[in-house]
Amino acid sequence: MSTKSRTHSKTRLSRALGIALTPKAARYLEKRPYAPGEHGRSKRKTDSDYAVRLREKQRLRAQYGLREKQLRIVFNEARRTGGLTGENLVELLEQRLDALVLRAGFARTTAQARQLVVHRHILVDGKLVDRPSFRVKPGQLIHVKEKSEQLEPFQVAAAGGHADVLAKVPGYLDVEIDRLHATLTRRPKRAEVPIQADVQLVVEYYAAR
């Protein structure tokens, strides 16, 4: 799939879910705050409980760029962990390396954050990690490989070039953007995580499956 096609696909998905998955999609949603297709402007019929839960699950999955199998695995782990399953689910997802690379401002989108990890530009405590799903532990340092720091995407990031499209750095991250350093200081809390999803409905969706 070409870059143009991927962008169009993300924009269309954003309109269908009612959330901006990329900065470009955010601009489209401002102009066209309705679902895509010929019936997008028309008033929707009342969704069933299943449809509402499914859409929330799709929203959560899309914001982290996960496949269904990946989200299901994390959900099962969250359910086995003590406490509220929905809270646990978001906390576990937010400790993914690609998610934290995005939150720190090293990347502009989830897809770009994943690409930076896969292309072996990101270190954790000085060790190369090329798995986006790698779970960062509190106290670990995420930083850009020295040889990669001069690449244009990282120069833009170090200058704060993504601040206009990203949410404020959450309280569980200590970021030195000019050095391209970020430390996960503690486990994230659901209320701090800048995602749009009703996680209780996601739990109900999976509980019924």
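Tutor: Buried means under 20% relative accessible area, exposed means over 50%, and partly exposed lies in between (1.4 Å probe, protein chains only). Helices (H or I, at least four residues) and strands (E, at least two) are DSSP runs, numbered from the N terminus. This is a predicted model, where local features need pLDDT of at least 70, side-chain atom pairs count only at pLDDT 80 or more, and totals for chains, interfaces and linings use all residues. Residues are numbered from 1 along each chain as its sequence is written, and side-chain values use heavy atoms, leaving out hydrogens and water.

Student: Which residues of helix 7 are buried?
Tutor: In helix 7 (residues 110-118), they are Thr-110, Ala-113, Leu-116 and Val-117.

Student: How do you know that they sit on the same side of helix 7?
Tutor: They cover an arc of only 125° around the axis, so they share one side of helix 7. That arc is taken from the directions from the helix axis to the C-beta atoms.

Student: Why is Leu-180 called buried?
Tutor: Its relative accessibility is 3%, and the cut-off is under 20%, so Leu-180 counts as buried. Leu-180 lies in the loop between strand 4 (173-176) and strand 5 (181-184).

Student: And what makes Arg-120 partly exposed?
Tutor: Its relative accessible area is 40%. That falls between 20% and 50%, so partly exposed is the label for Arg-120. You'll find Arg-120 in the loop between helix 7 and strand 1.
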